[in-house]
Amino acid sequence: MKELQAIKPVQSIGEIVYEQIKTSIMRGGFSDGSRLVEQELAQQLQVSRTPVREALRRLESEGLIESSARQGLVVREYSEAEIREIYMIREALESLAAEFAARNATEEEIQNLDALVLRMKEIDNGMPVDPDEAMTVHRNFSEAYNRASHMPTLVRLIESLKEQVARFRRVSLSGSARRKNAYREHNALLDALKEGDSELASQLTRQHIRNALQAYFESQKKTEVN
């Protein structure tokens, strides 16, 4: 009997609309504070208003957009205090994950992290750099490192910040200097994991996140000057 191939479900219109709007927000296609008008989005995407409405509700529940009394739905703007708070929470959670990753990581997980670090180096040695690929590889490393802790509840808490952090990470990683520094920091984190040094892994993670926050604010200052 001939083997049957698995059926891959096609994305619904609603899912495609959601992904399109979300991707545009994450990439800066919609600036902070800009209005998201249901009818205009439906016209641009050439779909009915229903999937757009559903996508906007979902994005609002995720905290990427918010309702304004005067303007309706707008891309959420974060104050400096809010951004610092998000990174402080991230630092506390991810440093704990790093501590346990150094104790619990499997050989397979270490090999996967090795491959991701190598890919980071390859990307920055190529010209031009694909910002989307660079962002994906750095994010994949962080997620894999956290999962190596084998603490699923902690990982879920970290991932609950994923959407907010992704916007800031994209900005901070847009500069080649920060990408190169992040590569070196990830390499050091991997070494701590290989050595099973939980204290060092935790300390390096805290410093890595502080450096990322500093890079974000520095990139914002450059944007304001320009």
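**Exercise 1. Is Arg 178 buried, partly exposed or exposed, and what is its relative accessibility?**

Before we start: this is a predicted model, where local features need pLDDT of at least 70 and side-chain atom pairs count only at pLDDT 80 or more, while totals for chains, interfaces and linings use all residues. Residues are numbered from 1 along each chain as its sequence is written, and side-chain values use heavy atoms, with hydrogens and water left out.

*Solution.* 
- Step 1: Recall the cut-offs: buried means under 20% relative accessible area, exposed over 50%, and partly exposed in between (1.4 Å probe, protein chains only).
- Step 2: Arg 178 has 9% relative accessibility, so it counts as buried.
- Step 3: Find its place: Arg 178 is in helix H9. Helices (H or I, at least four residues) and strands (E, at least two) are DSSP runs, numbered from the N terminus.
- Step 4: Look at its partners. Leaving out residues up to four places away in sequence, Arg 178 touches Ser 172, Leu 173, Glu 185, His 208, Asn 211, Ala 212 and Ala 215. Here, contact means heavy atoms within 4.5 Å.

**Exercise 2. What is the volume of the largest cavity, and which residues lie nearest its centre?**

*Solution.* 
- Step 1: The structure holds three cavities of 30 Å³ or more, and the largest has a volume of about 160 Å³.
- Step 2: Its lining has 14 residues, with Glu 94, Glu 143, Asn 146, Ile 158 and Arg 169 nearest the centre.
- Step 3: Helix H6 supplies the largest share of this lining, five residues.
- Step 4: By class, the lining has four nonpolar, two polar and eight charged residues.

**Exercise 3. Which side chain meets Glu 143 in a salt bridge?**

*Solution.* 
- Step 1: Apply the rule: a salt bridge is a side-chain nitrogen of Lys or Arg within 4 Å of a carboxyl oxygen of Asp or Glu.
- Step 2: The partner is Arg 139, at 3.9 Å, N to O.
- Step 3: Glu 143 is buried at 18% relative accessible area, whereas Arg 139 is partly exposed at 26%.

**Exercise 4. Where in the chain are Glu 38 and Arg 49, which meet in a salt bridge?**

*Solution.* 
- Step 1: Their side chains meet at 3.1 Å, N to O.
- Step 2: The pair links distant parts of the chain, with Glu 38 in helix H2 (residues 38–45) and Arg 49 in helix H3 (residues 49–61), 11 residues apart.
- Step 3: Glu 38 is buried at 16% relative accessibility, while Arg 49 is partly exposed at 41%.

Notes: On a 1 Å grid over the protein atoms alone, a cavity is a set of points where a 1.4 Å probe fits but cannot get out, and a pocket is an open set with protein on both sides within 12 Å along at least five of seven lines; lining residues have an atom within 4 Å of a point. Grid points are joined across faces, edges and corners, and a volume is the space filled by probe spheres set on the points. Ala, Val, Leu, Ile, Met, Phe, Trp, Tyr, Cys and Pro count as nonpolar, Asp, Glu, Lys and Arg as charged, and the others, Gly among them, as polar.
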